[in-house]
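Here is a short report on one protein model. Look at the structure first, then read on.

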Amino acid sequence: MTSAEEVREFCLSLPRTTLGYVRDSARYRIGRIVYAGVARDEELIGFAFPKEERSGLVAAEPAKFQLPRPCDLRYNWVVGRLAVIDHDELRELLVDAWSMCVPKGVNREYRIANDWPLVGE
């Protein structure tokens, strides 16, 4: 089980991340691009995820993941339940979401420095 506080601490440790609030819910972004957000009630987390892969993720673990609201289906986004996502999985999901928004060189440098696998190369 993970918490909104863990999300905050980890996201803010990622290079170039800033924290903002929209209607009292936390949004983590690179520049103007949001890559993760925690709902006001701190039960759900939305994060960047490839559109073409999200149906498979949701189908594989429907108790853990769900599609975004219909108005958000056009975005690379999926929603997860913090109570059932473990610490390591959350960190992996957030690094992958962050990687979709940060410049490739920054992503590569971070992944090498922190022993994260290089993806998309």
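At 14% relative accessibility, Cys101 counts as buried. Buried means under 20% relative accessible area, exposed means over 50%, and partly exposed lies in between (1.4 Å probe, protein chains only). The model is predicted: local features need pLDDT of at least 70, side-chain atom pairs count only at pLDDT 80 or more, and totals for chains, interfaces and linings use all residues. Residues are numbered from 1 along each chain as its sequence is written, and side-chain values use heavy atoms, leaving out hydrogens and water.

**Cysteines**

How many disulfides are there? The count is zero, where a disulfide is a pair of cysteine sulfur atoms within 2.5 Å.

| Cysteine | Nearest cysteine sulfur | Distance |
|---|---|---|
| Cys71 | Cys101 | 18 Å |
| Cys101 | Cys11 | 11 Å |

Cys71 is partly exposed, at 49% relative accessible area.

**The core**

The largest nonpolar core holds 32 residues. Such a core is a set of buried Ala, Val, Leu, Ile, Met, Phe, Trp, Tyr and Cys residues joined through side-chain atoms within 4.5 Å. Val7, Tyr28, Tyr35, Ile45, Phe47, Leu94 and Trp98 touch the most other members. Helices (H or I, at least four residues) and strands (E, at least two) are DSSP runs, numbered from the N terminus. Elements that each supply at least two core residues include α1 (4–13), β2 (25–30) and α3 (87–99). The most comes from α3, with six residues.

Take Val7. Beyond its neighbours within four places in sequence, Val7 is in contact (heavy atoms within 4.5 Å) with Tyr28, Val38, Ile45, Leu82, Leu90 and Leu94.

**The strands**

Two strands pair if DSSP finds at least two bridges between them. β2 and β3 are antiparallel, with five bridges. Here Tyr28 stands opposite Ala36 of β3. Their hairpin has two residues between the strands, and Gly31 takes a positive phi near 60°.

β3 and β4 are also antiparallel, over three bridges. Val38 has Ile45 in β4 as its bridge partner. Five residues lie between these strands in the hairpin, where Glu42 takes a positive phi near 65°.

**Helix α3**

Buried residues of α3 include Glu89, Leu90, Leu94 and Trp98. Asp86 caps the N-terminal end of α3, with a side-chain oxygen 3.1 Å from the backbone nitrogen of Asp88.

Methods
A polar contact is a pair of N or O atoms within 3.5 Å; within protein, one must be able to donate a hydrogen and the other to accept it, and residues adjacent in sequence count only if both atoms are side-chain atoms.
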